[in-house]
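The sequence and the structure come first.

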Amino acid sequence: MKRLTSILLVFALILAMVPAAFAADEPAALIIDQVYGGGGKGETPISNSFIELYNPTGEAVSLSGYSLVYGDKTMDLTGTIPAKGSYLIVGAAETTTDEYLTYDLPDADQTCDWTINNKSYTIELKYGEDAIDSVTAGNSDATKISKQKSLKRSNHGEFGLVVWEKESVTVDEAYVAANAPRNSKGEFGSVHGGGVSGTDPEPVYAPVVTGDTRVTGYYNDAGSLKMELAGRHNSGAMNEDGGSLEIVAYNLVNGYSYAVSGVKGKLIAVDLNGNLDGEKVVNLTGTEYDLKTMVSAAGFTYGDMTSVAISPDGRELAAAIQAHRPLFGCDNEKRENRN
């Protein structure tokens with residue numbers, strides 16, 4: 001009787017294990033973050049229709065098995081969407097000119113031949129046959145789109161409208177940084193024509209040349225702190241007198257480090273969520289925020305950026321910015337006479 005009980009017990013345990021062994025992985029909760037459709041109407045402020053996806057999770061997600069559905073069109077997605085990052089699909093080109101264009105898209109992660117309607121649409125994000133997320137435009141005042149407007153989630157939540165028409169808004173660098181879609185590298189494009197009218201073009205910086213050799217041994221055997229060169233972000237601008245970046249804050253909530261580039265006058269958010277394993281140094285992506293341009297637009301004379309702080313909940317960032325003051329100013333002649 002004892003032997004029979006043992007056999008039954010083992011059989012019951014095997015049956016309990018079978019569902020777990022064959023359980024399918026749950027798809028990541030990716031979302032459709034922004035959509036723009038020019039409708040093929042021409043004279044659009046953006047050159048192509050686009051769809052921006054966002055990954056709110058703390059892990060990079062392979063897009064194998066995911067697809068987008070628009071009407072009778074289906075597109076299989078490829079590549080990887082980074083943790084807390086975006087993925088940009090760029091559709092068909094519009095017939096437009098410099099007279100109407102206000103914003104230039106960054107490089108696409110994937111392209112398609114879709115011309116998205118500028119009045120109404122429903123787009124679904126699917127994993128296999130299961131719908132993960134969807135967006136419907138044109139069924140309410142809050143989603144009443146046109147060829148001048150994209151539909152964008154505010155802080156990856158509720159959808160609202162973003163206007164791109166130059167007659168209605170000023171599409172400057174600050175506006176682009178706040179509203180533009182991003183690709184998987186964190187790039188968000190630029191103001192069409194190279195920047196805000198009346199400002200200086202981006203200077204040419206001394207390039208930073210690096211290798212990809214992974215290095216250990218930045219310590220001595222007696223030291224308690226051991227360091228390894230596992231990843232780096234290349235800001236693309238160096239200072240011959242020394243380094244050009246200062247790490248000033250780390251956000252425990254989103255896994256980003258914030259560095260100030262004294263050479264560029266920009267705040268750079270560096271994504272530290274990726275896997276740093278491997279035989280080579282990992283290139284870390286960084287998103288640049290041109291605070292100098294942002295504050296200068298309000299009549300503030302930018303001097304320097306000295307410090308950055310992050311709120312305890314990780315949702316807000318504060319930057320200390322120094323106002324520029326001339327060394328002598330109008331009193332220059334008197335100071336020279338005293339010296």
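Residues are classed here by relative accessible area, with a 1.4 Å probe and protein chains only: buried means under 20%, exposed over 50%, and partly exposed in between. The model is a predicted one, in which local features need pLDDT of at least 70 and side-chain atom pairs pLDDT 80 or more, while totals for chains, interfaces and linings use all residues. Residues are numbered from 1 along each chain as its sequence is written, and side-chain values use heavy atoms, without hydrogens and water.

**Overall composition**

The chain has four helices and 24 strands; both are DSSP runs numbered from the N terminus, helices being H or I of at least four residues and strands E of at least two. Of its 339 residues, 35% count as buried. The accessible surface of the chain comes to about 20000 Å², and 51% of this area belongs to carbon and sulfur atoms; areas come from the Shrake-Rupley method with a 1.4 Å probe, and for residues only the protein chains shown count as cover. A contact means heavy atoms within 4.5 Å. Among contacts between residues at least 6 apart in sequence, 55% join residues at least 24 apart.

**Salt bridges**

Side chains of opposite charge can pair when their charged atoms come close. A salt bridge is defined as a side-chain nitrogen of Lys or Arg within 4 Å of a carboxyl oxygen of Asp or Glu. By this rule the count comes to three salt bridges.

| Salt bridge | N to O distance |
|---|---|
| Arg153 and Asp133 | 2.9 Å |
| Arg214 and Glu228 | 2.8 Å |
| Glu288 and Lys266 | 3.4 Å |

The side chains of Arg153 and Asp133 meet in a salt bridge. This pair links distant parts of the chain, since Arg153 is in strand S12 (residues 149-153) and Asp133 in strand S11 (residues 130-137), 20 residues apart. Arg153 counts as buried at 12% relative accessibility, and Asp133 is buried at 15%.

A salt bridge also joins the side chains of Arg214 and Glu228. Arg214 lies in the loop between strand S14 (190-191) and strand S15 (215-216), and Glu228 lies in strand S16 (residues 228-229), so the pair ties together parts that are 14 residues apart in sequence. Arg214 is partly exposed, with a relative accessible area of 22%, and Glu228 is partly exposed at 43%.

Glu288 and Lys266 form a salt bridge through their side chains. Because Glu288 lies in strand S22 (residues 286-289) and Lys266 in strand S20 (residues 266-271), the pair ties together parts that are 22 residues apart in sequence. Lys266 counts as buried, at 10% relative accessibility.

**The pairing of S10 and S11**

Strand S11, which holds Asp133, pairs in the antiparallel sense with strand S10 (residues 121-127) over seven bridges; two strands pair if DSSP finds at least two bridges between them. The bridge partner of Ile123 in S11 is Val135. The hairpin of S10 and S11 has two residues between the strands, and Gly128 there takes a positive phi near 65 degrees.

**Surroundings of Ala230**

Ala230 is found in the loop between S16 and strand S17 (231-232) and is buried, with a relative accessible area of 11%. Not counting residues up to four places away in sequence, Ala230 touches Arg214, Leu276, Lys280, Val281 and Val282. Ala230 and Asp277 are 47 residues apart in sequence and 7.5 Å apart in space, C-alpha to C-alpha.
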